[in-house]
Amino acid sequence: MYGADYLIAQAANGLVVGCLYALMAVGLTLIFSVLKVINFAHGEFYMVGGYTAYYMVTVLGGLHPLLGIFFAMIVLLGLGSLFEVAFLRPIHLGAVNRPAEYAILITFGLSFFLQNLVLSLAGPFPHRSPSFMSGGLTVGPVTISADRLIAAGLALVLMIALMLFIRATWTGKAMRAVSQDRDAAAVSGINPFKMNNIAFGIGASLAGASGALIAPIFAVVPDVGVLPSLRSFVIVVLGGMGSVKGALIGGVAIGLVESLGAALIPDPSRALAYRELYGLVIFVLVLLFRPQGLFGEKQ
């Protein structure tokens with residue numbers, strides 16, 4: 001049986017990883033709350049963010065890895081905005097007969113396209129960005145690398161900034177109005193198409209930031225976004241569809257549950273094999289006993 005020091009270390013690691021899960025899930029829930037579209041290409045936005053940060057830092061010599069995160073966010077903001085205008089706007093213009101099926105197919109199509117495009121351009125080999133900073137922090141039995149601390153800290157900063165943006169700015173309030181009642185928001189002078197574009201661009205940008213933050217910790221490959229995307233869906237359901245606060249709390253909860261759950265199995269290889277199972281068990285339990293999620297509202 002593991003000692004208390006090991007469990008504390010696993011809990012600290014779970015908190016760090018949970019912050020990164022939450023950042024990606026926040027972008028996904030923002031897109032759903034405003035556009036009412038589930039983005040199945042969210043994991044590929046995460047992957048493109050990691051590759052963008054890697055190439056910006058390695059190709060442009062001397063660029064600090066932290067600046068790679070900024071460039072990744074800008075690239076994904078543009079990519080998300082262009083995709084929304086070209087392929088998702090017809091849904092809200094009434095030009096699509098079966099909008100729900102169309103949204104699933106078009107986002108799945110983007111997912112396959114981005115995976116294969118990156119595979120053809122960058123190859124199947126893993127790429128790792130340079131470290132943000134050497135060293136780490138040791139508190140008692142727990143030692144966390146500087147890369148993980150910086151990644152978790154920046155993820156928290158971005159999520160807090162998003163919540164302040166949504167609550168304190170006119171654009172954020174307009175997005176909330178569109179998410180609650182699109183027609184009423186349009187009557188009051190808000191352009192719902194513009195809010196759709198901003199929300200999708202920000203959601204894609206946050207996914208890209210998450211991928212860029214993880215790039216110095218884990219190597220990026222063309223399918224690196226598959227598992228984080230699945231976790232994001234679990235987190236969104238756990239926190240409540242459309243709830244930014246729920247996505248934040250759900251991400252940290254999933255990170256803790258996965259880390260502590262893995263610590264309960266003595267064999268490390270078996271523990272890693274069962275790691276994703278704990279989140280799926282929570283997913284099923286939430287669907288059974290509270291389908292609207294922790295912070296969601298009954299429809």
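Predicted model: local features only at pLDDT ≥ 70, side-chain atom pairs only at ≥ 80, totals over all residues.
Close-up 1. Strand β2 spans residues 142-145. Its covered face carries V142 and I144. T143 and S145 make up the uncovered face. In a regular strand, side chains alternate between the two faces of the sheet.

**Close-up 2. K36 has a positive phi in the loop between α1 and α2**. Helix α1 covers 4-35 and helix α2 covers 42-59, with K36 in the loop between them. The phi of K36 is near 60°. That value is positive, and K36 is not a glycine. Most residues other than glycine have a negative phi. K36 has a relative accessible area of 47%, so it counts as partly exposed; the cut-off for exposed is over 50%.

**Close-up 3. F40 and F108 form a stacked ring pair**. The whole structure holds 9 aromatic pairs. In the pair of F40 and F108, the ring centres are 4.6 Å apart. The planes meet at 10°, so this pair is stacked; the cut-off for stacking is under 30 degrees. F40 sits in the loop between α1 and α2, and F108 sits in helix α4 (residues 99-122). The pair therefore ties together parts that are 68 residues apart in sequence. F40 has 24% relative accessibility and counts as partly exposed. F108, at 34%, also counts as partly exposed.

**Close-up 4. F40 and F233 form a tilted ring pair**. The ring centres of F40 and F233 lie 5.5 Å apart. Their planes are at 35°, so the pair is tilted. F233 belongs to helix α9 (residues 226-239), while F40 is in the loop between α1 and α2. The pair links distant parts of the chain, 193 residues apart. Ring pairs join F40, F108, F112 and F233 into a cluster.

**Close-up 5. The side chain of R290 reaches the backbone of G293**. R290 is in the segment after α12 (275-289). Its side chain reaches the backbone oxygen of G293 at 2.5 Å. The C-alpha atoms of R290 and V237 are separated by 9.6 Å. Along the chain, R290 and V237 are 53 residues apart. R290 is partly exposed, with a relative accessible area of 35%.

Note on methods: Residues numbered from 1 in each chain as written. Heavy atoms only, no water. Helix = DSSP H or I, 4+ residues; strand = E, 2+ residues; numbered from the N terminus. Buried < 20%, exposed > 50% of the residue type's maximum accessible area, 1.4 Å probe, protein only. Polar contact = N/O pair within 3.5 Å; in protein donor to acceptor, adjacent residues only side chain to side chain. Phe/Tyr/Trp six-rings, centres within 6.5 Å; stacked < 30°, edge-to-face > 60°.
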